[in-house]
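Student: I am new to this structure and would like a close look at one part of it. Could you walk me through what surrounds it?

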Amino acid sequence: MKRRLLAAAAALVACAAAVAGVTAAVRTGMPAYPAALAADNATEKNTGTYLVSEGARQPDSLLILGSSELRTTDILTHPANFFAGSGLQVDLVGRGSCQSLIHALIVGGQGQALEGRKIVLITAPQSYVPEGIASDMFMANYSQQQLLRVLTDETVPDAIKTYLAGRVQDLFARYEADTGATPQKGTAGDVLSAAWAEGRSPAPYLPFAALTEWLLETKDLADARTCIAAYTDRPAEARGNSLDFDWAAWEQAAMDQAREMVTNNDFAMQDSYYATYIGARLEQQAGQDAGLSYAQSPEYDDLRCLLDLCRLRNLEVLFVHVPMHGSWYDYTGFSADERAVYYENVREIAAQYDNVQLLDLTGYEYEPYFLCDTMHLGWKGWLAVDRAIVEFVS
């Protein structure tokens, strides 16, 4: 038996050495990180670690963590458009349903690569539903590589590991109940997070986790190389290496574009969104949200975990508190009083972190063109964020 164990250990060491050699070879000669990729929220940023850390290494780069609002690049005040050619390179990370738990894994999975940096974090009102992040949306954005990095990082407090592991295990179970599928069963992320969540020693699973991490890092590097190759940088229209903007001119341009893009409804929503999601179903949506509340949600604890990780890494955070669409939710029955409860919950959490600067935009619920639909920042909303970013990085 002893001989078999020694042979197995030797085989594991040899396998690990071989994988490490492959990883080093893949890392050698990685292409330069293109600005065009920074300005796009490519999926590979959510599911790996290399692209986020490499983007953070670029000079004058600012990481923006968000969700589906990052896709509204048809709006000229979107940061990817607004800061093009300014000398500040915004790097977008996140996509639809990337909520606080996913952002916590992204930040935590970076280890100390983001240490001491400034980042922008956007919180979306629709994330704070009573059930929290949906299991299928979590699985669509889950990264085993990021989870393993957090759970094997000796600098991360046990309380954070236990919390994240418990949430991951709960969502694995919910996904199985919802779909009947068990795609993560027996993986390193599954067994290691189960140990942490159940208060068992993770030590027996660490060799399995280490080998899996090496494999996932190699895959991440290969995926990153392919992703980078898909982006061709083109010279941006130069405005000079300066963050000195004519705000009045930008506000006028934002209003002009908004009026062009909003013509078919009274809610100041973008025509395409209104036609697709509301339009003929307008009457059916009257009062549909009566009784809805964001007062209680797992998202609040997920947000605390995310901000704990930001504080651990000494990150300065510009935290964007996005308003709900006042007139729309009045129409659907989500009351102003219930919205106020959600707003205050987020404010109270943010106030507990001295490294967090809250950009509270919730007073603009009824401002036309502040949002471009029922939930996403629009022409005026993005401009308010742009102005705050300039002050934040100056």
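Student: Which residue has a backbone nitrogen that lies 3.2 Å from a polar atom of the side chain of His325?

Tutor: That residue is Trp328, whose backbone nitrogen lies 3.2 Å from a polar atom of the His325 side chain. Before we go on, please note that this is a predicted model, where local features need pLDDT of at least 70 and side-chain atom pairs count only at pLDDT 80 or more, while totals for chains, interfaces and linings use all residues. Residues are numbered from 1 along each chain as its sequence is written, and side-chain values use heavy atoms, leaving out hydrogens and water.

You will find His325 in the loop between β4 (316-321) and α15 (326-332). Helices here are DSSP runs of H or I with at least four residues, strands are runs of E with at least two, and both are numbered from the N terminus. His325 counts as buried because its relative accessibility is 7%; buried means under 20% relative accessible area, exposed over 50%, and partly exposed in between, using a 1.4 Å probe and protein chains only.

The His325 side chain also makes a polar contact with the side chain of Ser327, at 3.3 Å. Such a contact is a pair of N or O atoms within 3.5 Å; within protein, one must be able to donate a hydrogen and the other to accept it, and residues adjacent in sequence count only if both atoms are side-chain atoms. Leaving aside residues up to four places away in sequence, His325 touches Phe267, Met269, Glu365, Leu371, Asp373 and Thr374, where contact means heavy atoms within 4.5 Å.

For another buried part, look at helix α10 (residues 188-197). Here 8 of the 10 residues are buried, so the helix is largely enclosed by the rest of the structure. Among the buried ones are Leu192, Ala195 and Trp196. What covers them includes α8 (144-151), α9 (158-179) and α11 (206-229). Just after α10, Gly199 takes a positive phi of about 75°.

One of those covering helices, α8, is itself mostly covered, with 7 of its 8 residues buried. Gln144, Leu147 and Val150 are among these. The buried residues of α8 pack against α3 (43-47), α6 (100-108), α9, α10 and α11.
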